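Thanks for coming. I'll take one structure and go through a sheet, a helix and a chain contact.

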Amino acid sequence: MGEPLLKVRSLKIGATVYPPDAKPHKIEIVHGVDFELEKGKVLGLIGESGAGKSTIGLSALGYGRGGVELTGGEVWVNGRDILQGGIADLRKLRGAEVTYVAQSAAASFNPAKKIMDQVVEASVTQGKFSKSEAEAKARLLFAKLGLPDPNNIGSRYPHQVSGGQLQRCMTALALCPEPDLVVFDEPTTALDVTTQIDVLAAIKEAIRDTGVAALYITHDLAVVAQVSDHIMVLKMGEMVEYGPVDQIINNPKEEYTQALVSVRSINHEEKTPVEPILTVKNINARYRGTKFDVLHDVSVDISPGQTLAVVGESGSGKSTLARVITGLLPPSAGSIDFAGRTLTPDQPSRSREDLRELQMIYQMADVAMNPRQTVGTIIGRPLEFYFGMKGAEKRKRIAELLEEIEMGDGFIDRYPAELSGGQKQRVCIARALAAKPKLIICDEVTSALDPLVADGILKLLLDLQKREDVAYLFITHDLATVRAIADSIAVMYQGRVVRYGTKSEVLSPPFDDYTDLLLSSVPEMKLGWLENVIATRKMESAGN
Amino acid sequence: MHPILKLVSQRLALGLLLLIAASALIFIGTQILPGDVAQSILGQSATPEAIANLRKDLGLNEPALSRYFSWLGNALQGDLGTALTNGQDIATSMGKRLGNTLFLAFWAAVISVPLAIFLGLLAVRYKDRWPDKLISGVTLASISIPEFLIGYVLMYFVGVKLGWAPSVAMINDSMTLGAKLHAIALPVTVLTLVVLAHMMRMTRAAILNVMQSAYIETAELKGLSSFQVIARHAFPNAIAPIVNVVMLNLAYLVVGVVVVEVVFVYPGMGQYLVDHVAKRDVPVVQACGLVFAAVYILLNMVADIVSILANPRLRHPK
């Protein structure tokens, strides 16, 4: 065994932070990490946000994003310490020996240039290949990655191909210069599960066929288990555990890794449906100025104190349904009954009582709160608006609500910027709860959160449901979340409800084609899962 | 129809509509000016009969609406009427003046636009370091000093003391291009200094805005040099705002050169307009207004169309 391709020794990384109430100062975000990577192997870097995994991944290119600086340690690539050379040496390394696949290909492709020009740019500028050689290579990669029309797709602009296709193009961009190492930074996180599985399989095959080594960064252990040889678990800039993928998944030693592996262990007994509190009947809806419906004949019920999970991929109409129920988008046909009365179609004409009993929590807690208001003001607003509370009475109720979301009244005078992502979402839950609603619409409320934090939020929501007897309409694309929280499920596809019933009905066979595709696409924390699914699908399509 | 053709033809139609609206405003504006044209031509001592006769000759007794349409109709055919003061055909005498103004504006633009964009790129490349601060400081100073002052200062030092360029920018048809350029060297310099800052700062801001994008990081991670990243990846996405400010400044070079032309006694549109405003020569003022409006609208329309063409989503729909 020779010298490893990548050798990282006591790597320290610092960043400049700009806290709202203090002077900018430097902090250390990675505190001395060591690892090595052999030629042709894949190392998975896993951890929650803030663990430093992207930062460590980018250090293999000698790059610090924003105010991030590589402050100490060594990064050896192909036998030389890249932190010792100057920027000119780093430029020779980037795009030639080490390349990068970003999370959002849609944002990482230049919208003003053709895909092919961007894919071959690094090879040509670095003088690795001539333009025609690189283009021929790119076309082969397009074909290998399963892109349609591989000979011509390069002449399109990024907005002319889909998100999943663009992510494959990004992989082609990274592989085209024939690098020794590719850093994949959450390459499938922004994709729908049904798209993710194909991209994942394409990436895995490309890694295997080209014999390139890879750092695969993700927060999803089930995904990394499919592509890696080794896994390094990171937490707050430090290594927690390192080992072969089999050991990390099946026999984790550290407590933190065990928590990551066993996440989504919530056990929720489904309740039987009763007289519904919300009845959505035959809703059709379209956006203004368009000529086609985005919702077709949608009908669902929600029982009081129970949860209906609406699941589907992006563009399936889940959030549009929420907009129709809240009256933000009046339907073109159909009606909505709520708590024994029929709701008016548009929000401005609804009574204050209708508004109070129907609350909403959003995906991005960050932007759903006014950054210049304190937590107390944010939660106090519905108390004033709906119940006319003032002064000490209001403050007492705010403290109670903060207690309910397990935060305590110490937060009452804090600003949103001082809170973590999970805490922000908790404040949003308290704000919805303050109105004493009968139904809360939760629109992807855990999608932006790390798995462990998301788990806490789901547990809290279930707890609150028991205590307050509130019903949830829970919109999500994540089937694990659905299993954890739902009493009944509606599967949406292209604006239609394709499957609807209690959780046990919807999740047991026989499945319709779409639900089958959706369920089988969710990565499982098992080695070889990806190959099995792909093989099964190939057999099925051969059988047809 | 290709969406781009549709958008461009919409812009063209809008531009035409705007020009007609501007012509109406110009006409109304000159009509509501106090005083009587016939009176001012003939002077205080004129007899009422003479004034009435002149009014009839000038067609001033016709209703305003019909006078507007006959004026607009003639203008569209290239007939801008005759000047009241000297009886000359406006289109002919203005044509030469306009040619001179465009000549001056053209050379000012040829120097200032590439220079501004280059300085903008340079300022981005060395952001917050001394080249950026120097460029910003100098251009900001040059836009802050009134153009007539820059003009006189240049005239004194470069024209009089050093004798490198003539202080009075007189040109005529018999001069060679080189001689003409030598003659207008000082006004071109002044105009360049005046328009540089605006364009350079907008270029800098637009590109810095684009530099935040994720695809800039992609470009950096390809091992491109800073200038390659800026020129190949940032600039193409910053064209729309840059073109808009460039066109505004080009319009200024044609429409706003009055002061500079007067300072250097340059025989352009500005001088012509100022002379005839002083003499209350309404048809000339109207004609100048119309030409200025047309230039302004045309350049802004070009900016709009270039912005549309620069957007790949519009050029290549799904």
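Two strands count as paired if DSSP finds at least two bridges between them. Helices (H or I, at least four residues) and strands (E, at least two) are DSSP runs, numbered from the N terminus. This is a predicted model: local features need pLDDT of at least 70, side-chain atom pairs count only at pLDDT 80 or more, and totals for chains, interfaces and linings use all residues. Residues are numbered from 1 along each chain as its sequence is written, and chains are lettered from A and ligands numbered from 1 in the order in which they are written.

First, chain A. Strands β3 (42-46) and β9 (230-235) of chain A run parallel, joined by four bridges. L43(A) has H230(A) as its bridge partner in β9(A). The open sheet has six strands in the order β6-β7-β8-β3-β9-β10 (chain A), and the pairing is mixed. At the edges are β6 (98-101) and β10 (238-244) of chain A, each pairing on one side only.

Now helix α1 of chain B, residues 3-31. Which of the residues of α1(B) are buried? They are S23(B), I26(B) and F27(B), where buried means 20 or more other C-beta atoms within 10 Å of the residue's own, with C-beta atoms placed from the backbone. These buried residues pack against α4 (64-76) and α15 (282-310) of chain B.

Last, the contact between chains, where two residues touch if their C-beta atoms, placed from the backbone, lie within 7 Å. Chain B gives 17 residues and chain A gives 26. On the chain B side, α10(B) supplies the largest share, four residues.

Technical notes:
A residue is buried if 20 or more other C-beta atoms lie within 10 Å of its own, exposed if 12 or fewer, and partly exposed in between; C-beta atoms are placed from the backbone.
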